[in-house]
Amino acid sequence: MTNNKCSRRVFLKLTAVTGVSSSLHPLMTSQALAAPKKQPNFVIIFCDDLGYGDLGVFGNPTIKTPNLDRMANEGQKWTSFYAAASVCTPSRAAILTGRLPIRSGMCSDKRRVLFPDSAGGLPASEITIANALKPAGYTSACIGKWHLGHLRKYLPTNHGFDSYFGIPYSNDMDNTGKSKRPFKDSKIEYFNVPLMRDTEIVERPADQTTITKRYTDETVKFIKQNKNKPFFAYLAHSMPHVPLFRSKDFADTSLRGLFGDVIEEIDHGVGRILDTLNEQGIAEKTLVVFTSDNGPWLSYKQQGGSAGPLRGGKGGTFEGGMREPTIFWWPGTIKQDVIMEMGSTLDLLPTFCSLAGAKVPTDRIIDGVDLTDPLTGKAKSPRDIMFFYRGTRIFAIRKGMFKAHFITKPEYGGGKEIAHETPLLYHLGHDPAEKYDVASQHPDVIADIKNEMKNHQAKLVPAIDQLALRIKK
Ligand code: MG
């Protein structure tokens, strides 16, 4: 073992015990990083309704996530990384297209997400990460929750993916009415959700107790089968969206109860995926990203997650609704660090295209930016603004450290909508919990953010509302 390797192991062992250190061990900072390998593989592990405070490495005191903690220690933990919406469907449209959902019609003021009676979906004209990577020779698999249209023409295999295995929408849909309280002591038969392979239903109701394990199995299999050519695996877990299910091996194992069992099983799966990449000798040419589609569903109380120190949760535009616990991992290329600058799921498409030598679409507005420089430690994140939409309307805008709320409506079940004549203004560095309105001290900041809104809206082209379309009976 070389000295460098030995020191690295000691450092990782120490940080595993003490948590992620925001300052690097001196030997780590001097470690020479290679230039990004051409055409790396990409793996996105995308959770459903995971809160900012639900991982050990993001401060949870009773959920054990040793594999995600390790991933963060070896890679980058991002503390200001945003989903582009606070609910499933629009958030998923954004991560795959690099575009705000308002541009594709995948957000609505009539219905927040797609349902089993929906007739709409991600339009064929949209370019997903899988579409963009295909001309560069990538094979792509979608495993898990899709939620961008369950009719055949909208399924993943019609959006650039070579294969699909998963539940096409939320795991609480198709409620059979067999129980008056289907989320308490949930049983598989309470939710008649289909499990699909490519375009066919292969199991109904899907056995959700083994769904996390089976998604991980599929991902591991796909990685092994494609290890000699560039690939993109999009693993979108159905959990920890309610109803919560976990396999027997994880039943009653976490101090946090059922919700903790679910997260610990996801964490175990992350470990299996990282171990597979190491065993197959492709860890150093694979970028893995872990994040979530939106914040915790707080109205489900102990069955919902936690946004940690952040305000709000799923459905709302306070930080807890859209700031996600995010980790990037790519041994030998990523600079080990904690990044506090902004990033977004919108940025993955341009970043992956840049690394893969694939073309970023130029015939449309792409809202994402290339994060290669902050990942490799060359420069700060180029993202300095984030728009917080609720449906088709902008509720808030963050620019730099300031976030202005023009309209507020708390998380699902949290209260009424209020339009603010003078926006609420929070400094997210000093006040990440959005408690102390400093609008009166910074009229210049508010004027600047209002100007950003005006410029943004001037370029918006309305799209057909896909979420309002229903199957005719
Ligand atoms: Mg969700």
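Author: Buried means under 20% relative accessible area, exposed over 50%, and partly exposed in between (1.4 Å probe, protein chains only). The model is predicted, and local features need pLDDT of at least 70, side-chain atom pairs count only at pLDDT 80 or more, and totals for chains, interfaces and linings use all residues. Residues are numbered from 1 along each chain as its sequence is written, while side-chain values use heavy atoms, with hydrogens and water left out.

Reader: To which strand do seven bridges join β1?

Author: Strands pair if DSSP finds at least two bridges between them. β1 runs parallel to β7, with five bridges, and Ile 45 has Leu 235 as its bridge partner there. Val 43, for its part, is bridged to Val 288. The strand joined to β1 by seven bridges, also in parallel, is β8.

Reader: Which residues coordinate the magnesium ion?

Author: Donors are N, O and S atoms within 2.8 Å of the metal (3.2 Å for Na, K and Ca), and water is not among the atoms, so sites may look incomplete. Along the chain the donors follow the spacing D-D-x38-C-x204-D-N. At 2.1 to 2.5 Å, the coordinating residues are Asp 48 (OD), Asp 49 (OD), Cys 88 (SG), Asp 293 (OD) and Asn 294 (OD1).

Reader: How many residues apart are Cys 88 and Asp 293?

Author: Both Cys 88 and Asp 293 are buried. Cys 88 belongs to helix α4 (residues 88-97), and Asp 293 to the loop between β8 (286-292) and α8 (319-322). The pair thus links distant parts of the chain, with a separation of 205 residues.

Reader: Against which elements do the buried residues of α4 pack?

Author: Ten of the ten residues of α4 are buried, so the helix is largely enclosed by the rest of the structure. Just after α4, Gly 98 has a positive phi of about 70°. The elements that the buried residues of α4 pack against are β1, α5 (129-133), β7 and α9 (348-356).

Reader: How many disulfides does the structure hold?

Author: A disulfide is a pair of cysteine sulfur atoms within 2.5 Å. Cys 47 is in no disulfide, and the nearest cysteine sulfur, that of Cys 88, is 12 Å away. The sulfur of Cys 353 is too far for a bond, because the closest cysteine sulfur, in Cys 142, lies at 17 Å. The number of disulfides is zero.

Reader: Which residues does Phe 161 touch, not counting residues up to four places away in sequence?

Author: Phe 161 is found in the loop between β3 and β4 (163-166). With a relative accessible area of 3%, Phe 161 is buried. Taking contact as heavy atoms within 4.5 Å, the residues touched are Leu 96, Ala 130, Ser 140, Ala 141, Cys 142, Trp 146, Pro 156, Phe 232 and Tyr 234.

Reader: Of Lys 301 and Glu 434, which is buried?

Author: Phi is positive in both non-glycine residues, near 50° for Lys 301 and about 50° for Glu 434. Lys 301 lies in the loop between β8 and α8 and counts as exposed at 67% relative accessibility. With a relative accessible area of 0%, the buried residue is Glu 434.

Reader: What distance separates the centres of domain 1 and domain 2?

Author: The bounds, from an automatic or database domain assignment, are 41-383 for domain 1 and 386-458 for domain 2. Their contact takes 32 residues from domain 1 and 25 residues from domain 2. Taken over C-alpha atoms, the separation of the centres is 26 Å.

Key
Helices (H or I, at least four residues) and strands (E, at least two) are DSSP runs, numbered from the N terminus.
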